[in-house]
Amino acid sequence: MKESRQQSIVELLSNSDWLTTDALAEHLGVSKETIRRDLSGLQQQGKILRQHGRARLIHPDSRDSGEPFGARLKSHYADKADIARHALKYISEGMTIALDASSTCFHLARQLPDLELTVFTNSLPICHEMARREKITLICSGGTLERKYRCYVNPALVTQLKALEIDLFIFSCEGVDEQGIMWDPVAHNAAFKAQLLSRASQSLLLIDKSKFQRSSEVKIGQLSQVTHVIQGCQPSRR
């Protein structure tokens with residue numbers, strides 16, 4: 001019955017843009033709690049996207065549906081700059097840090113003072129910013145440039161990381177769902193974050209409060225893997 005019900009949910013979503021939990025429960029004649037469990041299962045399978053009490057189907061051609069870097073940089077500009085300012089407190093001289101290709105990390109790079117640091121990143125804008133610092137040792141992941149996201153995709157990343165000891169990985173994500181799973185809309189960015197998260201001694205997630213109870217197309221990992229979180233202007237240790 002569970003598999004049949006989940007297939008019915010997929011069929012309903014295939015004919016709609018978004019459907020609410022209430023609408024699905026009413027249509028299938030089951031409780032909202034049952035629908036939530038079914039949606040969680042479909043989300044784990046990577047078939048649907050959930051957001052604020054509603055769901056939609058993930059179509060194969062939508063798995064690379066992230067916003068371009070330029071658009072993300074303009075969105076919530078002041079909030080991201082403020083989050084980045086708080087993140088500076090976690091960085092000290094002599095560290096090796098890794099930064100993802102998020103717009104929030106770019107704000108951090110712009111505010112980062114010229115210290116004796118090693119910075120590893122897959123972000124083209126961050127590389128340009130770090131090139132202006134005399135004391136910072138810059139290591140770029142290299143690979144193929146994805147112009148839409150202004151980042152590099154390197155299939156040899158695992159091998160490259162073996163030679164690096166990352167003290168702190170700083171990153172952002174598209175959302176964190178009810179099960180504490182972190183999500184990204186783009187597969188290669190999610191893979192980069194997952195690998196750095198598993199390699200780094202510590203990690204720092206920079207996230208806006210609106211991104212909680214929210215999922216996206218590709219899993220990064222569990223929030224429980226993250227050492228520190230800056231949620232808006234409220235730093236916390238996990």
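This is a short tour of a predicted model, stop by stop.

**Stop 1: helix α1**

Select residues 2-14. This is helix α1, with 13 residues. From its first C-alpha to its last it reaches 18 Å, close to the 18 Å expected at 1.5 Å a residue.

Now colour Arg5, Gln6, Ile9, Val10, Leu12 and Leu13. These are the buried residues of α1. Where do they sit around the axis? They cover an arc of only 165°, so they are on the same side of α1. An α-helix has 3.6 residues a turn, so residues three or four places apart point the same way.

What covers the buried residues of α1? Show β1 (19-20), α2 (21-28), α3 (32-44), β2 (48-51) and β3 (54-57), which are among the elements that do.

**Stop 2: Arg5 and Asp38**

Follow the chain between them. Arg5 is in helix α1 and Asp38 in helix α3, 33 residues apart, so the pair links distant parts of the chain. Both Asp38 and Arg5 are buried.

How many salt bridges does a search of the whole structure find? It finds 10.

**Stop 3: Asp100 and Lys193**

Go to Asp100, in the loop between β4 (96-99) and α6 (103-111). Then find Lys193 in helix α9 (residues 187-199). They are 93 residues apart, another link between distant parts of the chain. Their salt bridge has its closest N and O atoms 3.4 Å apart.

Buried or exposed? Check Asp100. Its relative accessible area is 0%, under the 20% cut-off, so Asp100 is buried. Lys193 has a relative accessible area of 6%, so Lys193 is buried too.

Asp100, Asp184 and Lys193 are linked in a network of salt bridges.

**Stop 4: Phe171**

Keep Asp100 and Lys193 on screen, and select Phe171. Phe171 touches both of them. Phe171 lies in strand β9 (residues 168-171). It is buried, with a relative accessible area of 0%.

Show what else Phe171 touches. Its contacts include Cys105, Met182, Leu197, Ser203, Leu204, Leu205, Leu206 and Val226. Pick out Leu205. Phe171 and Leu205 are 34 residues apart along the chain, and their C-alpha atoms are separated by 5.2 Å.

**Stop 5: Glu129 and Arg133**

Finish with Glu129 and Arg133. They form a salt bridge, with the closest N and O atoms 3.3 Å apart. Glu129 is buried, and Arg133 is buried as well.

Key
Residues numbered from 1 in each chain as written. Predicted model: local features only at pLDDT ≥ 70, side-chain atom pairs only at ≥ 80, totals over all residues. Heavy atoms only, no water. Helix = DSSP H or I, 4+ residues; strand = E, 2+ residues; numbered from the N terminus. Buried < 20%, exposed > 50% of the residue type's maximum accessible area, 1.4 Å probe, protein only. Contact = heavy atoms within 4.5 Å. Expected span 1.5 Å × (residues − 1). Arc of directions from axis to C-beta. Salt bridge = Lys/Arg side-chain N within 4 Å of Asp/Glu carboxyl O.
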